[in-house]
Amino acid sequence: MLRQNPVKNGEIGPVSAAMLIAELPELGRMTSGEAAAVTGLAPVPHDSGAMRGSRTISGGRRSLRHVLFQAALAAACHNPVLKPVAKRLKERGKPHKLVIIAIARRLVTIANAIVKTGIPWQL
């Protein structure tokens, strides 16, 4: 039986948690940057010489990235810790997708820290 609002208390939802466990078995044994890179949420530069291109996300585990994007959409609106972060980025003029990807990366970082330390999430 699914709960009505999986992000009610700032938690990650059951589907996202199951995907993290299934698709990222090395969670908790890597750094936050490595976790972001494996999920495809790390910015990849497109620079050449003096030309500085834009940063995009690519690579990683695509299906996990899609699930985390959906979780980040909910967290940006409902998570009491991540909602102010999203609001601050929007106020600085960042595009909507960049804000959601930043939140998704933070979700992976938080999940990695929770698994690594064994300390449950507290608001």
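**Close-up views of a predicted model**

**Val38 is partly exposed in this predicted model.** The relative accessible area of Val38 is 23%, a value that falls between the limit of under 20% for buried residues and that of over 50% for exposed ones. Val38 belongs to helix 2, and in this view it is shown together with Val67, from which it is separated by 29 residues in sequence and by 14 Å in space, taken from C-alpha to C-alpha.

**Arg61 and Glu26 form a salt bridge.**

**Leu27 is a buried residue in a loop.** Leu27 is placed in the loop between helix 1 (14-23) and helix 2 (32-39), and it counts as buried because its relative accessible area is 10%, under the limit of 20%.

**Ser58 is shown with Val44.** Ser58 is found in the loop between strand 2 and helix 3, where it counts as partly exposed at 39% relative accessibility. From C-alpha to C-alpha, Ser58 and Val44 are 7.1 Å apart in space, and 14 residues separate them in sequence.

**Helix 4 has a buried side and, turned away from it, a face with exposed residues.** The buried residues of helix 4 (residues 82-91) are Leu82, Val85, Ala86 and Leu89. These residues lie on the same side of helix 4, because they cover an arc of only 95° around the axis. An α-helix has 3.6 residues a turn, so residues three or four places apart point the same way. The face turned away from the buried side of helix 4 carries Lys87 and Glu91, which are exposed.

**Ala86 of helix 4 is buried.** With a relative accessible area of 2%, Ala86 is counted as buried, and it is listed with Leu82, Val85 and Leu89 among the buried residues of helix 4. The view also includes Leu73, whose C-alpha atom lies 9.9 Å from that of Ala86, with the two residues 13 apart in sequence.

**Arg88, Arg92, Lys94 and Arg106 gather in a patch of positive charge on the surface.** One of the four, Arg106, lies in helix 5 (residues 96-117). Arg106 is partly exposed, with a relative accessible area of 41%, so it passes the requirement of over 30% for residues that make up a patch.

How values were computed. Residues are numbered from 1 along each chain as its sequence is written. This is a predicted model: local features need pLDDT of at least 70, side-chain atom pairs count only at pLDDT 80 or more; totals for chains, interfaces and linings use all residues. Side-chain values use heavy atoms; hydrogens and water are left out. Patches are made of residues with over 30% relative accessible area and no salt bridge: like charges are joined within 9 Å, nonpolar side chains (Val, Leu, Ile, Met, Phe, Trp, Tyr) within 5 Å. Accessible areas come from the Shrake-Rupley method with a 1.4 Å probe; for residues, only the protein chains shown count as cover. A salt bridge is a side-chain nitrogen of Lys or Arg within 4 Å of a carboxyl oxygen of Asp or Glu. Lys and Arg count as positive and Asp and Glu as negative; His and the chain ends are not counted. The place of a charge is taken as NZ of Lys, CZ of Arg, CG of Asp or CD of Glu. Helices (H or I, at least four residues) and strands (E, at least two) are DSSP runs, numbered from the N terminus. Buried means under 20% relative accessible area, exposed over 50%, partly exposed in between (1.4 Å probe, protein chains only). The arc is that of the directions from the helix axis to the C-beta atoms.
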